[in-house]
Amino acid sequence: MSAWMGSWRREWARLRASPLDLLLISLFPLALGLLMLWSFAAGQATRLPIAVLDQDHSGLSRQLQRMLDAAPGLRLAEPASDEAQARAALRAGRVYALLVIPQGMARELKSGRAAQLSLVHNAQFSTHSGLIQKDVRNVVGTLSAGIEILAREKRGQPALAAAGGFEPLRAGLGSAYNPGLNYQQFLATALMPALLHLLAMVAGAWSVGRELREATVSAWLAQTRGQAWPALLGKLAPAWLLLLAVDLLILLALAHQGLLHQGPALLALHGLMLALYLALGAAAALLARSLRLALSAAGFITAPAFAFSGIGFPLMAMPEGARLWAEALPLTWVMQAQVGLLQQGWPATRALPLMSLLAAASLALLALGAWRLPAAAADPRAWGRR
């Protein structure tokens with residue numbers, strides 16, 4: 001039996017003996033990935049509940065409410081008889097925003113004076129808040145334009161001239177990427193590699209650190225006839241294959257929905273990312289000679305990595321220190337390449353430099369681990385440490 005195969009069989013035997021470990025790198029991430037795809041299956045948030053406090057009770061205020069309820073992103077959830085009731089609904093989470101129509105709005109507009117509506121929204125939910133503001137602004141703008149055009153027509157201006165004169169300068173807004181604002185394509189696909197990279201580093205730290213904790217590291221190395229490289233490769237290969245298989249199934253689910261572009265390139269990118277984080281976890285365990293410290297390092301590096309990836313908050317808006325930390329994390333660059341491949345139409349060749357760097361970093365971390373493994377196997381002080 002080759003040294004690599006001996007380590008491979010040893011790790012598979014350990015995984016079969018610990019079904020929970022096996023589930024954590026197979027069915028558990030697969031179930032989470034499918035759950036994320038299902039959670040964002042609608043693609044875009046619609047019918048978000050808002051409350052309207054109508055203090056005007058005019059035909060115009062009722063028309064505004066009908067237009068708001070007809071907007072695809074809004075739903076008038078409950079009538080509000082007073083401001084206290086409306087704010088209570090907002091605090092309780094039954095609605096995400098409150099639109100106040102002031103008393104005398106219709107009278108002010110008929111007199112040719114401007115009226116002011118007040119929108120109070122729950123900014124803790126930034127996505128909900130942004131979508132509601134956009135739809136309310138569109139509805140109010142449409143109604144306002146209609147009122148102004150009608151007033152110009154009553155003053156004798158032709159309808160076409162009234163419409164053109166009201167808005168002489170227009171901005172044509174178009175989305176270059178993800179024009180449908182599909183959250184499944186944008187967010188669900190970004191959360192999956194974020195989950196997988198966390199599990200990969202934890203799996204690398206656990207598989208090697210467990211040998212230290214159980215004082216079997218010398219037996220493990222002896223089983224591979226003292227060859228550190230095959231020992232590490234065989235030890236990490238089962239977790240890499242299982243996590244990559246999970247990633248492949250998720251990508252196939254995306255392809256089935258027509259949301260996948262450059263699938264082979266994306267799978268290769270994720271495979272190299274998994275290899276890097278598995279090697280990083282193993283190297284952390286061998287350098288610290290402690291499973292506890294290695295798992296702590298995995299949590300410190302991977303748990304907040306998605307927040308620094310530039311997906312949820314722009315990198316350019318971060319403070320200098322936060323941006324430098326973000327750019328030091330491989331996940332940040334993987335996310336940028338994934339967005340390019342999935343949504344910006346990158347050719348696969350454009351991701352090759354990053355893939356080369358990921359492969360080189362993986363080999364460097366494996367070399368570091370292979371260098372430290374014989375020392376840990378020969379030092380009884382490193383055995384049994386948690």
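1. Trp4, Trp8 and Trp12 make up one aromatic cluster. The structure has four aromatic pairs. Rings of Phe, Tyr and Trp (its six-membered ring) pair if their centres lie within 6.5 Å; planes under 30 degrees apart count as stacked, over 60 as edge-to-face and the rest as tilted.

2. This is a predicted model: local features need pLDDT of at least 70, side-chain atom pairs count only at pLDDT 80 or more, and totals for chains, interfaces and linings use all residues. Residues are numbered from 1 along each chain as its sequence is written, and side-chain values use heavy atoms, without hydrogens and water.

3. One of the four pairs is Tyr96 with Phe125: ring centres 5.6 Å apart, planes at 65°, so edge-to-face. Tyr96 sits in the loop between helix H5 (83-92) and strand S3 (97-101), Phe125 in the loop between strand S4 (118-121) and helix H7 (126-154), so the pair ties together parts 29 residues apart in sequence. Helices (H or I, at least four residues) and strands (E, at least two) are DSSP runs, numbered from the N terminus. Phe125 is partly exposed, at 36% relative accessible area. The cut-offs: buried is under 20%, exposed over 50%, partly exposed in between (1.4 Å probe, protein chains only).

4. Phe300 and Trp325 have ring centres 5.8 Å apart and planes at 50°, so this pair is tilted. Phe300 is in helix H13 (residues 291-302) and Trp325 in helix H14 (residues 320-328), 25 residues apart. Phe300 is exposed at 57%; Trp325 is partly exposed at 31%.

5. The charged end of Lys235 sits over the Trp220 ring, 4.9 Å from its centre. That term requires NZ of Lys or CZ of Arg within 6 Å of the ring centre and within 35 degrees of the ring normal. Arg372 lies over the face of Trp371, 5.1 Å from the ring centre.
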